[in-house]
Amino acid sequence: MECRCGVAGDCSRMYTADMFAEFKLETINSVHFMNCPLPNISYSQIIGAIDPYELSITTNNNEIKILESFLFTNLTRVSHLTIRNGHFSSIQETVFAEFKNLESLDLTVNMIQNLPDGIFNQTRNLTYMTLYGNSLSKLPKIHDDLPNLEFLNLNSNRFKNLSENTFDFAPNLKNLSITHNRLRNLSSKVFQNLTSLTMLDLSYNEFTNLPDNLLEHNENLVELYIRINANLSTLPPALFTGTPTLKILELGRNNLSTLPAGLLNNLTNLQYLDLSQNKLISIPENFFSNLTNLTSINLSVNRLSKLPPNLLKPLDSLRMINLHNNQLTSIGQDEFSQLPALNELDLSNNVIEMIQQEAFRGSDNITWMDLSRNEIRFDTEPFILPAALKHINLTHNQIGLLPTHWTRVENLHNLNLTENLIQSVNTEQLNFRSKNAVLDLTHNHITTINLNDINHLKIDNNDKKILDESVPSIPTIIVDFNPINCDCNLLEFVHFLKTRNSVDNNAPFQFVAGNLTCSRPLNTITTAQVLSSIDEDKLYCNLDDTCSPRCKCRKTPISGVTEVHCEGKMLDEMIHQVPPNTSKLYFDNNQLTSIEKLQDPKWERLTEAHFSLNYISDINREIILPKSLKVLTLDGNRLSSLPQWLMISVNKRDSLTVALRNNSWTCDCTTLGFYHWLHTSPAGKINDAGDVRCGPGQFYQRKLMSLDFTEICPHDNASSSSAIVVTVLTLLILLSALMFAAYCAMRHKFEIKMWLFRHRLCLWLRNEDDIESGHPL
């Protein structure tokens, strides 16, 4: 039965004799008063006929400073009594006098400063007593023993010293806890009569030292906790001599810097040892020599820089060792080898640089290892993983490569290599034997994932490990957040992501690459573009061996287009060293003044030539443009006109286009041919014709195509008319001269012939009449 009170004042009016008499209650074994003040009548009067085995009282806001005896009269049947959260500082000597059958007493979190002598004289059946959370500095004298008391909790009080006879009243005590007190000194005989003691907790005190023979008579002790004593820097050599049955020993979070060599020699049954969070700089050789039953060691958060080579060899039962957060620099071939029972090993947060290749030889049953946050690198052969290994954490190291033999471990489920220095991986390195494996390579320096050999990779379907036989399983490779270089070496990987990255496609593995983007964008590739969406033909190959040192040359892997990029290099002439069959030349933003060398044979396969933003001012010398040229950009130069041969050459080639804007074009009568060419060229031939503007002068920055030819050359019509008149007059004069010459020739024909005959000229002019007449002519 439970009685809950709200506001204390209201509850006080509830207390009356037989207040529950009106209820038809069956036999009640337990009565709880929750958050109620202490009454001014006995609890037996309040509950009337109810005679419980258990009475629990949790008070609140109580102004009563002493717990009086009248409250507990006529409660002889109670065997479990709890009084918590009271504000009383003392208790009457006879308060428990009538509790002849009391077995359990809980006085937790009151304000008791002292207990009167003899208070427990009548409670000889007590087996369990907790005085946790009071202000006691000593225990009362008990005239008669409490022979059945097995559990005593004195935690969170104000004990400073414990004398030799402190616990004589409880000869059969098994469980004693005295944590969170102010203990500094203990009598060497304080526990000598507690021969049945199995658990002792002395944690959270202020010990500076402990007596050498403190536990000499506690031969049945199984659990011992001496933790969190900030001033305890050493332990006496014979402290555990009398505790051969000890199985659990916790000495963590003290201030221990050294350990006596033979401290644990007698603990042949010890199973768990905690020496964590001390200041140990070394462990004596043979320190664990007799601990054949030890299964777990915690040496984390110390200052150990090395371990004796064969320190752990005698520990045939050792399953777990924790050396997290020490100063270990290397692991040789003896520290952790030949430990057949070892299952878990934690070496994280050290400064380990080197692990010998066979460091774990003979420790084949290790299934879990943590080597994270070290400085591991492979200057020699990488260490061999234990055969049974399932999980290994190697995050935050200096590892620069993924050893192939690691992926061949049969049962490996998780290989975590995040935050390392791995720069590339290939197909063979990813060929896991365990088909449930997960390899995490996030936050490395991976620039290339080479899957060129993936089609030759042998997939043994009979070797697949399957979690669920109905669902095939393949290894998972996580490669997000790496500085991927999007070049042709990535072609097979991108193709794999698009076509095979799933179990359904009979792939040997699958990638998690949802956040993988290019760190070195080329052309239209951007850093925000996810790899699986990249156009594979944009994955260029650099051609450094055949390229001018001042330029970048690359080739597309699918179309085979070779590009030369020399933008912004302050070059004043075209380069000489280029890859064969160069298709595209980008020479923008330089200081070039001529494109004459474009007719060099090395450019014969050129399809695009980009000369924007240079110093080209004229192209008067006729050159032969590459036959395959389709794009010629001359915008942003200093051109004022184009030669006739170039305009004719552009028009003859159907696929060739040019760009000409942002030059200093002359807009007068001398450029009427250029003006006519802009207007009559096919659409798209001059891709920026509408933006060709006049240079300095009358029409500065005016679009040339928007001007009328009469604006450009206003005297052109008059000149044409004058030319026609001159031509006609010239022709008339010539015709008159010819007619006059013909008349003269006919009139003086004979004289002319005679003169010619005499000078033997034009003899062919003699005709038949002259010959027949015998005339000399």
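Start with the disulfides: counting pairs of cysteine sulfur atoms within 2.5 Å gives six. The model is predicted, so local features need pLDDT of at least 70 and side-chain atom pairs pLDDT 80 or more, while totals for chains, interfaces and linings use all residues. Residues are numbered from 1 along each chain as its sequence is written, and side-chain values use heavy atoms, without hydrogens and water.

Select Cys486 and Cys518. Their sulfur atoms are 1.7 Å apart, and the link is left-handed, with -90° about the S-S bond. Cys486 sits in the loop between strand E28 (476–478) and helix H3 (491–499), and Cys518 in the loop between strands E29 (510–512) and E30 (541–542), 32 residues apart. Helices (H or I, at least four residues) and strands (E, at least two) are DSSP runs, numbered from the N terminus. Cys486 and Cys518 are buried, that is, under 20% relative accessible area with a 1.4 Å probe, protein chains only.

Next, select Cys488 and Cys541, whose sulfur atoms lie 1.4 Å apart. The torsion about their S-S bond is about 125°, so this disulfide is right-handed. Cys488 is in the loop between E28 and H3 and Cys541 in strand E30, so the pair ties together parts 53 residues apart in sequence. Both Cys488 and Cys541 are buried.

Now move to strand E3 (residues 54–58), where four of the five residues are buried. Strands pair if DSSP finds at least two bridges between them. Five bridges join E3 to strand E2 (residues 30–34), running parallel; Phe33 has Ile57 in E3 as its bridge partner. Another parallel pairing, of five bridges, joins E3 to strand E5 (residues 80–84), with Ser56 opposite Thr82 in E5.

How values were computed. Buried < 20%, exposed > 50% of the residue type's maximum accessible area, 1.4 Å probe, protein only.
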